[in-house]
Amino acid sequence: MGASSLIVLICAAVAFSAGGIAIAKFMVKGTKNTAKGEAYECGIPAKGTPWDQFNVGYYLFALIFLIFDVELIFLYPWAVVVKSIGWPAFVEIVIFMFILFMGFLYAHKKGALKWM
Amino acid sequence: MFSLENITNTTHTWLNQTFSPTLALLTEFLIVGVLVIGLFAVLGLVLVFMERKVSAVMQIRLGPNRVGPMGIFQTLADTLKLVMKEGLTPNGADKFLFNLAPFVVMITAMLILAPIAFAKGFQMWDINIGVLYVSAISSISVIGILMAGWASNNKYSLLGAMRSGAQIVSYELSAGLAVLSIVILSGSLSISDIIASQQNGWWIFKGHIPAIIAFVIFIIAVTAETNRAPFDLAEAESELTAGFHTEYSGMKFALFFLAEYVNIFIVCAIGATLFFGGWMPFHIGSWTAFNNIMDYIPSSIWFFGKTFFLIFLIMWFRWTFPRLRIDQLLNLEWKYLLPISMFNLLLMTFVAIMGWYF
């Protein structure tokens with residue numbers, strides 16, 4: 001079907017989700033209650049806002065992920081041709097991975113992979 | 001012969017002979033759309049029922065057995081219940097993003113279906129970068145999850161969403177490297193080429209030790225990527241009530257739930273395609289007689305059989321391993337799986353260049 005299948009799939013997903021939600025809206029007769037709209041935090045009244053500053057501790061992982069994800073993108077075209085090129089491609093990728101791995105070890109030694 | 005490929009071809013020619021090309025194309029779009037929606041609904045019903053029955057067997061109990069024979073209508077009844085529930089939007093939530101998030105998750109789940117080959121010649125889009133397409137689209141679903149968690153105005157949701165983001169993003173690396181080792185062997189990114197390259201045996205048997213290591217890494221990584229136990233930190237019900245979909249109810253919750261199960265099906269389908277040959281029957285090298293006998297089993301049965309075997313494996317994990325802590329989870333990925341998969345990739349390259357595979 002080619003690339004037009006993407007449009008069909010997006011339309012199908014939207015129709016499925018919107019249809020389900022619309023049917024549910026039609027079937028349900030909701031009641032009004034002020035307690036209904038409150039945030040559910042195990043019954044304890046919610047204090048403060050979640051849209052606040054707090055230490056997440058994931059951003060170092062995100063940074064290292066970015067490096068390796070870019071590496072992965074470089075590896076995709078390489079993986080397709082490596083069998084036909086042979087040893088030169090192998091040597092090059094060993095050098096490439098060695099440099100990246102050194103960076104990874106540096107991050108590890110700096111304690112970037114330690115939790116909190 | 002009766003096969004999905006013949007049915008699609010016959011339908012295509014009949015439509016083009018009967019109607020004008022535009023109308024025929026539109027009818028095909030409509031048929032594909034209805035089929036995909038049907039697949040989603042059936043997958044949801046079957047997988048939820050399978051999950052409950054598998055857990056019941058693992059825990060030596062009966063599982064659902066009241067609604068219909070053997071309880072097969074249990075999920076249908078559950079769906080009906082979810083449709084009857086009111087879909088709440090909490091006060092102070094970001095209403096637009098809150099309502100958009102289920103759509104994003106569903107659309108990404110649907111889009112990944114495009115390059116998957118369900119049977120011989122039964123594929124929506126035979127794109128030449130199929131594997132890259134799958135990994136690119138599957139990383140969008142994390143945006144939907146973060147959107148849901150952030151927009152809910154709930155601390156549990158936000159924490160669950162951030163855990164989920166860190167987890168999906170981390171394990172994507174080892175999953176990608178495991179996929180790449182098969183790409184090295186088959187020399188193509190296209191799903192149909194990868195399946196065709198397994199005509200004389202599946203890669204898990206032909207690729208020696210590196211292929212088996214890659215398969216183990218792939219299964220661990222996709223279990224984490226789909227937020228399944230033992231990596232279900234994002235919705236750890238004993239710590240975060242329900243993680244990023246705490247505030248969702250009714251049909252919107254059902255959409256998240258469905259997308260989760262469809263994602264399990266999709267990653268298992270990709271795993272079956274890469275390591276077990278997709279729709280390719282079980283072939284052994286040049287044993288022509290044996291291969292011909294195997295060809296009598298329809299290709300769709302091979303595909304769904306392998307996929308459901310992998311789904312069963314992932315369900316089995318849930319009742320075998322206790323849940324990890326978030327630091328253990330990130331340690332496992334960054335200190336063990338990532339270095340192992342990098343060296344495995346080099347080992348696979350070595351094996352491929354030396355020609356030490358069948």
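Predicted model: local features only at pLDDT ≥ 70, side-chain atom pairs only at ≥ 80, totals over all residues.

Residues are numbered from 1 along each chain as its sequence is written, chains are lettered from A and ligands numbered from 1 in the order written, and side-chain values use heavy atoms, without hydrogens and water.

**Interface of chains A and B**

In chain B, 75 residues are in contact with 66 residues of chain A (contact: heavy atoms within 4.5 Å). The buried area, that is, the accessible area (1.4 Å probe) lost by two parts on being put together and summed over both, is about 6,500 Å², and carbon and sulfur atoms give 80% of it. Two residue pairs are in polar contact between the chains, both at pLDDT 80 or more (a pair of N or O atoms within 3.5 Å; within protein, one must be able to donate a hydrogen and the other to accept it, and residues adjacent in sequence count only if both atoms are side-chain atoms).

The elements giving two or more residues to chain B's side include H2 (21-58), H7 (155-186) and H15 (326-354) of chain B. H15(B) gives the most, with 17 residues. The classes on that side are tabulated here.

| Class | Side of chain B touching chain A |
|---|---|
| Nonpolar | 52 residues |
| Polar | 13 residues |

**Helix pair**

H1 (residues 4-27) of chain A packs with H12 (residues 250-276) of chain B at an angle of about 150°, their axes 9 Å apart. From H1(A), the contact residues are A:Phe16, A:Ser17, A:Gly20, A:Ile21 and A:Ala24, and from H12(B) they are B:Met251, B:Lys252, B:Leu255 and B:Leu258.

**Salt bridges**

Over all chains there are four salt bridges. In one of them, B:Arg318 pairs with B:Glu51, with the closest N and O atoms 2.3 Å apart. B:Arg318 lies in H14(B) and B:Glu51 in H2(B), 267 residues apart.

Technical notes: Axes fitted to C-alpha atoms, helices over the stretch in contact; angles between N-to-C directions. Helix = DSSP H or I, 4+ residues; strand = E, 2+ residues; numbered from the N terminus. Nonpolar A, V, L, I, M, F, W, Y, C, P; charged D, E, K, R; others polar. Salt bridge = Lys/Arg side-chain N within 4 Å of Asp/Glu carboxyl O.
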